[in-house]
Amino acid sequence: MRPLVLLPLTALCLSCAETPPRLESFEGPGGVIAPRATPAAFAAETDPDGEAAGLFAAAETHFAAGRYREAAGRYRESIDLAPTLAARLNLGIALLSVSEFAPATAAFRSGLDQSRRRDDQAFIAAFLGNLGNALANQNNLDDALAAFK
């Protein structure tokens, strides 16, 4: 009888293991840990072989090398072609990493609106947390606290 109980649980675990994560932790230059989107998240939203995907991949390369301004430029170009949650989230993180708090706030707010329309709870949480960090860095503590709630 016990193997019958374990079989569905094992199948569930295996199906979860096959799905690549959509979000990962990133520690920024100032030591702040923030969620950012993975390439798998981007690929799940749009054509993984399209022009936007190439721009997203270029942005990820710049980001990994610490070239956050260049990454932000490629994320913006990717968003112009395919407005994905993944590119919006990572744009905001790139901007936070170079202390461009107002543009980061705008990117997070835009992504938050989009994620709410899609009812994507994981991205809603990621955008809210990052929005709170961006607002706190602008001394907008009341709005930052509201974002964290």
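Me: Which way does H4 cross H5, left-handed or right-handed?
Reply: Left-handed. Keep in mind that this is a predicted model.

Me: What's the angle, and how far apart are the axes of H4 and H5?
Reply: The angle is about 155°. The axes are 9 Å apart.

Me: What does that make H4 relative to H5, roughly parallel or roughly antiparallel?
Reply: Roughly antiparallel, because angles over 145 degrees count as such.

Me: Which residues meet there?
Reply: From H4, Tyr68, Ala71, Ala72, Tyr75, Arg76, Ser78 and Ile79. They meet Ala87, Arg88, Asn90, Leu91, Ala94, Leu95 and Ser97 of H5.

Me: How do the residues of that contact divide by class?
Reply: Nine are nonpolar, three polar and two charged.

Me: Stay on H4. Which of its residues are buried?
Reply: Tyr68, Ala71, Ala72, Gly73, Tyr75, Ser78 and Ile79.

Me: How does the span of H4 compare with what it should be?
Reply: It agrees. H4 covers residues 68-81, which is 14 residues. At 1.5 Å a residue they should span 20 Å, and the end C-alpha atoms are 20 Å apart.

Me: New topic, H6 and H7. How do their axes sit?
Reply: The axes of H6 (residues 101-118) and H7 (residues 121-137) come within 9 Å. They cross at roughly 155°. That makes H6 roughly antiparallel to H7.

Me: And is the crossing of H6 and H7 left-handed or right-handed?
Reply: The crossing of H6 and H7 is left-handed.

Me: Which residues of H6 and H7 meet?
Reply: On the H6 side, Phe101, Thr105, Ala107, Phe108, Arg109, Gly111, Leu112, Ser115 and Arg116. On the H7 side, Phe123, Ile124, Phe127, Leu128, Asn130, Leu131, Ala134, Leu135 and Asn137.

Me: What's the split by class in the contact of H6 with H7?
Reply: It has 11 nonpolar residues, five polar and two charged.

Me: Zoom out. How many helices and strands in the protein chain?
Reply: Eight helices and two strands.

Me: In what order do the elements run?
Reply: From the N terminus, α-β-β-α-α-α-α-α-α-α.

Me: What percentage of the protein chain is buried?
Reply: Buried residues make up 41% of the 149 residues.

Me: And what share of the contacts comes from residues 24 or more positions apart?
Reply: They account for 48% of the contacts with a separation of 6 or more.

Notes:
Residues are numbered from 1 along each chain as its sequence is written. This is a predicted model: local features need pLDDT of at least 70, side-chain atom pairs count only at pLDDT 80 or more; totals for chains, interfaces and linings use all residues. Side-chain values use heavy atoms; hydrogens and water are left out. Helices (H or I, at least four residues) and strands (E, at least two) are DSSP runs, numbered from the N terminus. The expected span of a helix is 1.5 Å times one less than its number of residues. Buried means under 20% relative accessible area, exposed over 50%, partly exposed in between (1.4 Å probe, protein chains only). Axes are lines fitted to C-alpha atoms, for helices over the stretch in contact, and angles run from 0 to 180 degrees between N-to-C directions. Angles under 35 degrees count as roughly parallel, over 145 as roughly antiparallel, 65 to 115 as roughly perpendicular and the rest as oblique. A crossing is left-handed if the near helix is turned anticlockwise from the far one by less than a right angle, and right-handed if clockwise. Contact means heavy atoms within 4.5 Å. Ala, Val, Leu, Ile, Met, Phe, Trp, Tyr, Cys and Pro count as nonpolar, Asp, Glu, Lys and Arg as charged, and the others, Gly among them, as polar.
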